[in-house]
Amino acid sequence: MAKKLGGNGAARLGFLHQLEGHTDRVWGVAWNPASRSGGAPSMLASCSGDKTVRIWEQQSTVSSSSPSWTCQAVLDESHSRTVRACDWSPNGKLLATGSFDATTSIWEHVGGEFDCIATLEVKIHGHENEVKSVAWNTSGTLLATCSRDKTVWIWELQPGNDFECVSVLNGHTQDVKMVLWHPSRDVLVSASYDNTIKVWAEDRDGDDWRCVQTLAEPGWGHTSTVWQLSFNMSGDQMVSCSDDLQLMVWDSTVDPSEWTGNGGGPWKHLCTISGHHERTIFSVHWSRTNGLIATGSADDCIRIFAEDPTNVASSVSFCKVLEKQKAHEGDVNSVRWHPKDPRLLASAGDDGVIKIWEFEQDL
Amino acid sequence: MASQLINANPVVHERKARSVRQPTSAHDDLAVEPIDSLEVFDHVRDIKDPEHPYTLEQLNVVSEDSIAVDDKRSHVLITFTPTVEHCSMATLIGLCIRVKLMQSLPPRFKIDIKVSPGSHASEVAANRDLLQLSNYHPKIDHE
């Protein structure tokens, strides 16, 4: 049973490590899902405006309480422009990277004591311009990518690490900022500069993918660019963050593939969290281990939210547990909780550094 | 190729006399001067209008009063007034201002640029486009 943090006592976000090396803003960080599994050390990938991806590894945890990090590899010579997004496959063996050069690269993680931590397996072409996000589904069989060309592409992994495009999804009317798969279903969500969130599912006969629902005004929706999305551990709730300075939490219990109803759609708005962020919220991540929501913002802060324990109404509400000012010297572009350790949080910023934090709360 | 100017006959204003800054006294040498609206105005006043051989200052598109600076919070807000209400150059002007300030101000500054209220027929859309560029431009690399 995952340990739930977020009691009522004083909360702290302690600075543990700073990972330096990138020479331009860091756009994203991704924990290798195999971190701390079967004795494996924690591993992090980061992608940057300096056109490289870096792989960082924490040394063995046996001797020290907070062992140091080293940069194990710099993946360059693959992308000719900013690397905007990176995502590990569920088994931690493949890393997908999306770039402003309109391509997606797939790297295979070669573990062990070898120098070469990753080899470039394949370059995926298809988008017309900047790729903004890449995402693996939970079984590792599908990869989604999205772009400023307003489309979302779904790729199927073939034997030999080849990729075949199975669908090109049109619908967004502007730049698509992020794609993300549901944790237990092959349901895809996308966030866009057009202020909407779209929910995509496969047709019953498996012939093609379609947009099942658009979370937007009129009705509940953001009033400016939606930057990121994140599901809770079970996938029955999803949180979105936006340039409109709000977070919205959605009920994603109903399987969109099963939706036949008219009017509205399978997912419903649960609550809006506002009044805490001063500038654009670039990143949001819902921890799979401790139930907390972390945000990174253009006001240089990291904030953490928890479900409100004092809320007695039937609806859901959240309260801010902590605000870390000047978390970075510049915009915070990405926040990501560790896949196993409920205390650890990684963040990436315009200042070109990655920071590892430890969350603690008195009970 | 003939192209129509958005505003063929702009009103040109006199350039304000430049005020001379008093040098700080010797024992203030190590102190960093906080950035104020005059300094920000100095960075943008001479930007040339896209359509005419005049500066944004001469056309009254920007003025020192239209700039608000909070040095402690590293925040700059500039509102500018396009010369005509339907000015489709608004986005371009905003971008020029942003680029100039990004090159001139320390990286800690957050910059907000808007059209002044009532000065543009599609104010909401214009401000949205300016914001779109703010999402793009600082975070896009150029080759």
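Are A:Trp337 and A:Phe359 buried or exposed? Select both: A:Trp337 is buried, and A:Phe359 is buried as well, where buried means under 20% relative accessible area, exposed over 50%, and partly exposed in between (1.4 Å probe, protein chains only).

Before moving on, note that this is a predicted model, in which local features need pLDDT of at least 70 and side-chain atom pairs count only at pLDDT 80 or more, whereas totals for chains, interfaces and linings use all residues. Residues are numbered from 1 along each chain as its sequence is written, chains are lettered from A and ligands numbered from 1 in the order in which they are written, and side-chain values use heavy atoms, with hydrogens and water left out.

**Aromatic contacts**

Stay with the two rings. Rings of Phe, Tyr and Trp (its six-membered ring) pair if their centres lie within 6.5 Å; planes under 30 degrees apart count as stacked, over 60 as edge-to-face and the rest as tilted. By this rule the count is ten aromatic pairs over all chains. A:Trp337 and A:Phe359 form an edge-to-face pair, with 6.3 Å centre to centre and 80° between the planes. A:Trp337 belongs to strand E26 of chain A and A:Phe359 to strand E28 (residues 354-361) of chain A, so the pair ties together parts that are 22 residues apart in sequence. Strands (E, at least two residues) and helices (H or I, at least four) are DSSP runs, numbered from the N terminus.

Next, select A:Trp27 and A:Arg84. A:Arg84 lies over the face of A:Trp27, at 3.9 Å from the ring centre; the criterion is NZ of Lys or CZ of Arg within 6 Å of the ring centre and within 35 degrees of the ring normal.

**Salt bridges**

A salt bridge is a side-chain nitrogen of Lys or Arg within 4 Å of a carboxyl oxygen of Asp or Glu. The structure holds 22 of these over all chains. Select A:Asp341 and A:Arg36, whose side chains meet in a salt bridge (3.0 Å, N to O). A:Asp341 is in the loop between strands E26 (332-337) and E27 (344-349) of chain A, and A:Arg36 is in the loop between strands E2 (26-31) and E3 (43-48) of chain A, 305 residues apart. A:Asp341 is buried, at 6% relative accessible area, whereas A:Arg36 is partly exposed, at 32%.

In chain B, select B:Asp42 and B:Arg45, which form a salt bridge (2.6 Å, N to O). B:Asp42 is partly exposed, at 36% relative accessible area, while B:Arg45 is buried, at 2%.

**Sheets**

Return to chain A and display E18 to E21. An open sheet of four strands has the order E18-E19-E20-E21 (chain A), with antiparallel pairing; two strands pair if DSSP finds at least two bridges between them. Strand E18 (226-231) and strand E21 (268-273) of chain A stand at the edges, each with a single partner strand, so one side of each is left without a neighbour in the sheet. Within E19(A), A:Met238 is the bridge partner of A:Phe231.

Finally, select strand E14 (residues 176-181) of chain A, where six of six residues are buried. Five bridges join E14(A) to the antiparallel strand E15 (residues 188-192) of chain A, and a hairpin connects E14(A) to E15(A) through six residues. A:Val176 has A:Ser192 in E15(A) as its bridge partner.
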